[in-house]
Amino acid sequence: MGVKVSMTVNGKKLSSDVEERTLLVTLIREHLRLTGTHVGCDTAQCGACTVHMNGNAVKSCSMLAMQAEGADILTIEGVAAPDGTLHPMQAAFKENHGLQCGFCTPGMVMNAIDFAKRHPVAGEQEVREGLEGNLCRCTGYHNIVKSIVAGSKAMAAGK
Amino acid sequence: MGAPLIGARIERKEDYRFLTGAGQYTDDVVLPGQTHAVFVRSPHAHAKIRSIRKDEALKKPGVLALFTGEDLAAAKVGGLPCGWLITDVNGQPMKEPAHPCLAQGKVRYVGDHVAVVIAETLEEAHEAAEAVHVDYEVLPSVVDTASASSKGAPQLHENAPDNTCYVWAIGDKSVVDKAFAGAAHVTRLDLVNNRLIPNAVEPRAATGAYSRADQSYTLYVSNQNPHVERLLMTAFVLSLPEHKVRVVAPDVGGGFGSKIYIYAEDVVVTWAAKQINRPVKWTAERSESFVSDAHGRDHVTVAEMAMDKDGKFLAMRVHTTANVGAYLSTFASCVPTILYATLLAGQYTTPVIYCEVKAVFSNTTPVDAYRGAGRPEATYVVERLVETAAREMKLDPAEIRRRNFIRSFPYQTPVALCYDTGDYEATLDGALKLADVAGYAARKKASEAKGRLRGLGYAAYIEACGIAPSAVAGSLGARAGLFEAGEVRVHPTGSVTVFTGSHSHGQGHETTFAQVVADRLGIGIESVDIVHGDTSKVLFGMGTYGSRSIAVGGTAIVKALDKIIAKGKKIAAHLLEASESDIEYDRGVFKVSGTDKQKMFGEVAFAAYVPHNYPHDKLEPGLNENAFYDPANFTFPAGTYVCEVEIDPDTGKVSVERFTAVDDFGKIINPMIVDGQVHGGLTQGIGQALTEGCIYDKDSGQLLTGSFMDYSIPRADDVPSFKVDTRETPCTHNPLGVKGCGEAGAIGAPAAMMNAITDALGVKDVPMPATPQTVWRALQNKKAA
């Protein structure tokens with residue numbers, strides 16, 4: 001048993017031999033050792049496993065690696081500039097204390113970037129509704145919401 | 001050097017790694033040759049194990065080992081210990097039934113550990129675990145707190161008759177009864193403090209490894225106190241030499257109490273690593289977290305307050321039944337006693353208090369400390385009583401509090417604690433203003449015009465943080481010390497590594513502690529690194545819980561810094577050819593007072609490690625100091641929370657419109673981090689009040705709320721943005737004047753929420769969580785009445 005999957009991850013083309021049942025998150029974490037993508041619930045509730053597939057936020061714990069065949073995948077490791085400069089959304093989380101333990105953070109940032117692209121001038125209530133698929137147990141969301149509002153503005157301003 | 005760092009809003013040093021996916025949590029650690037463990041768990045709440053058939057599982061591909069309780073017993077692996085001995089009303093020790101790591105003959109809750117399968121891959125371990133055949137004889141079970149000790153209830157443990165762990169009391173009942181007999185008014189409430197499931201977003205994880213080279217073990221574990229984990233595991237469970245075990249708690253994705261404890265999985269992977277001579281890794285699935293992480297709260301209480309005609313509190317009487325679950329978790333016994341009843345004075349001068357607590361076993365997951373631990377339960381009792389009393393006596397809820405506030409410190413409460421300082425009027429006044437209570441009437445009118453109900457509720461909480469001193473805790477039954485340790489290592493070129501026994505799992509110690517160090521030494525914060533979470537690096541530590549890190553751990557660091565500066569003065573005196581008593585240290589510079597002769601901190605550090613010109617006759621080379629700090633008392637953060645809710649009477653849905661918190665945490669190191677701690681605590685408290693309730697099926701003992709689909713932790717649109725502010729009365733007995741802020745929100749919020757909801761509905765009580773269905777029913781019952 002086994003199947004070969006090919007995709008682009010953080011700009012690099014790669015192929016990997018996986019079992020048919022291998023989840024996309026398992027490929028990312030275990031095969032590629034990109035451990036910034038986390039598993040918090042296994043049931044698509046918490047959003048810690050959020051990555052981008054062809055530019056859209058998806059929950060990588062709830063899809064098979066095979067479903068990403070040929071896709072362009074972006075994980076949290078590929079978000080900052082090559083010189084290490086934070087993406088405006090990452091910077092906004094840092095400036096606004098939008099993270100505490102850091103475990104939900106990669107998924108939050110990946111979802112936030114996708115959200116900001118679709119809703120460049122979102123207000124607090126829209127951001128709260130846009131976070132429906134991401135759980136955080138530390139921050140009470142207050143500073144995550146502030147971060148995303150600020151990060152969206154910075155992204156829209158092309159910073 | 002620049003502006004003071006203590007009190008400054010500084011962005012966190014740890015954020016870059018978390019934001020770029022470079023954090024290293026336990027499951028991210030991969031050891032060469034690691035294997036994977038899956039636990040076979042009980043599907044029944046209560047059953048005898050007739051037999052376990054291993055043969056089929058052992059034949060599955062990739063299987064390396066399969067262990068059951070019998071194997072552990074044969075290897076003399078001990079049970080999990082409880083760290084606090086409670087002595088009951090008759091002077092007898094609490095009942096401590098055996099708590100085996102893998103079940104011995106009987107399972108006592110759904111999720112209880114029956115066997116462990118270890119295989120080459122996780123998938124293989126899962127497949128083999130499904131092939132382990134356990135023959136159970138299902139027994140009747142009891143999950144309900146109120147009836148667990150009633151006659152005829154199924155018995156969990158032979159040595160705990162009536163499922164009772166202890167009946168414990170504080171206060172003089174006859175004096176309290178007498179005060180009640182003469183009271184002008186008595187307010188009584190029957191309260192349930194709902195069971196909660198902590199749900200840190202990082203599931204628990206543990207990887208054990210064994211080295212044949214030096215017969216040593218390493219355990220990576222998602223844990224809040226690695227030294228305590230090591231001490232309990234080596235001394236009480238595995239009987240290993242402590243110096244041969246290293247426990248590493250790397251980045252930890254939230255704890256909230258649930259990662260304080262020594263768990264069966266931690267022990268089993270450590271022990272099994274030697275048996276198979278390969279690392280053994282286990283990471284919980286969320287469904288395992290729900291059944292196996294220690295739960296929180298679960299009290300059933302009758303509470304009464306006696307008052308004179310002016311609303312002055314005369315006495316308080318409380319009877320609580322606390323559900324400890326199927327076995328005693330590490331600190332289960334002290335939570336509903338020492339951390340609960342001692343807080344029942346609240347912010348008030350109530351002269352006499354009696355509290356009796358019965359702790360009961362049930363066929364449920366063990367219950368232990370969860371953010372606040374005893375203090376949210378106490379605040380719920382006090383503040384629901386106070387608000388209800390105000391309504392019954394037609395007093396303004398702020399006014400009844402003012403009439404009873406403690407105003408002179410130190411204040412000895414009738415329930416053992418002695419508050420060192422506080423200003424409850426200041427936090428109340430601050431909260432009323434920030435919440436714009438003056439404008440409430442207009443907002444209520446606007447809600448009513450929309451057909452909505454609006455309610456206002458207060459909670460004026462107090463908490464006791466940084467449990468201390470060790471000697472007092474010991475006299476109350478603690479089986480551990482409650483100090484903290486720190487080490488300051490100044491490197492030859494003047495940068496500094498600080499090792500702390502505290503543990504950060506979101507609290508931001510790498511920043512806050514670095515601020516303290518950089519401020520005290522007058523050096524740049526970028527020159528300071530904080531190391532925690534590894535017993536092979538940190539000298540010792542009691543870890544992080546009970547909002548103790550800055551008050552206890554921070555003080556240990558300050559004491560080590562004092563020693564560094566004292567030694568630095570000696571070195572500087574030698575270098576500057578001056579008397580040591582003439583050397584002053586000010587923000588990075590050792591100076592001869594009254595002169596312009598000086599040496600920079602870095603120069604002194606260099607001299608300590610390149611001691612060519614050095615007072616060798618008086619001083620050892622090097623600049624490295626340890627300190628242990630055992631506090632003189634608890635710290636007592638306090639504050640007032642004001643909550644405003646709007647309820648849709650057609651659906652019962654509660655919307656939190658405004659939430660205001662004004663807290664007194666003493667001196668604040670980093671206001672940004674403090675605000676964040678409050679926001680998070682408030683949301684957990686709002687979760688308890690509004691959305692979170694652990695439900696077991698009464699007949700089968702099955703956990704019905706076993707996933708995020710059934711157990712609702714707050715999402716972003718369940719809570720508002722918060723208004724938070726602070727007032728400051730510095731703690732009198734630690735050098736930083738700090739009190740701790742990690743739990744306050746979770747302590748004060750439930751009472752404020754339920755006071756607001758009952759105000760809106762015009763009813764005496766509504767059970768938590770106030771889900772739409774519960775609120776709607778309360779409204780229908782009121783209409784029917």
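Predicted model: local features only at pLDDT ≥ 70, side-chain atom pairs only at ≥ 80, totals over all residues.
I found 41 residues from chain B and 44 residues from chain A in the contact.

**Entry 1: the chain B side of the contact**

I next looked up which helices supply the side of chain B that touches chain A. Helix H1 (15–19) and helix H17 (671–690) of chain B each give at least two residues to that side. The most comes from H17(B), which contributes seven residues. I also sorted this side of chain B by class and noted 18 nonpolar, 14 polar and nine charged residues.

**Entry 2: chain A as a whole**

I counted five helices and five strands in the secondary structure of chain A. Read from the N terminus, the order of the elements is β-β-α-β-β-β-α-α-α-α. For chain A I recorded a radius of gyration of 15 Å, close to the 15 Å that the globule rule gives for 159 residues, so chain A is as compact as a globular protein of that length. Along the principal axes, the C-alpha atoms of chain A fill a box of roughly 50 × 30 × 25 Å. I noted that 57% of the 159 residues of chain A count as buried. I then turned to the contacts in chain A with a separation of 6 or more, and found that 61% of them are between residues 24 or more positions apart.

**Entry 3: the sheet of chain A**

In which order do the five strands of the open sheet in chain A lie? I read the order as E2-E1-E5-E3-E4, with mixed pairing. Strand E2 (12–18) and strand E4 (56–59) of chain A are the edge strands, each pairing on one side only. From one strand to the next, the twist averages 40 degrees. Opposite Val9(A), I found Ile73(A) in E5(A).

**Entry 4: domains of chain B**

I took the bounds from the domain assignment of chain B, which gives domain 1 (31–139 + 202–253 + 259–292), domain 2 (299–468 + 633–784) and domain 3 (483–629). The C-alpha centres of domain 1 and domain 2 of chain B are 36 Å apart. Between these two domains of chain B, 23 residues of domain 1 are in contact with 24 residues of domain 2. By class, I recorded 13 nonpolar, six polar and four charged residues on the side of domain 1 that touches domain 2 of chain B.

**Entry 5: a sheet of chain B**

I then examined an open sheet of four strands in chain B, with the order E18-E26-E27-E28 and mixed pairing. Its edge strands, each of which pairs on one side only, are strand E18 (453–462) and strand E28 (723–727) of chain B. The twist in this sheet averages 15 degrees from one strand to the next. Strand E26 (residues 638–647) and strand E27 (residues 654–664) of chain B pair in the antiparallel sense, over 10 bridges. Which residue in E27(B) is the bridge partner of Tyr641(B)? I identified Ala661(B) as this partner. Finally, I noted that helix H12 (residues 440–449) of chain B lies across E18 and E26 of chain B, at about 140 degrees to E18(B).

Key: Residues numbered from 1 in each chain as written. Chains lettered and ligands numbered in written order. Rg over C-alpha atoms; globule rule 2.2 N^0.38 Å. Buried ≥ 20, exposed ≤ 12 C-beta atoms within 10 Å, placed from the backbone. Contact = placed C-beta atoms within 7 Å. Pairing = 2+ DSSP bridges. Axes fitted to C-alpha atoms, helices over the stretch in contact; angles between N-to-C directions. Nonpolar A, V, L, I, M, F, W, Y, C, P; charged D, E, K, R; others polar. Domains from an automatic or database assignment.
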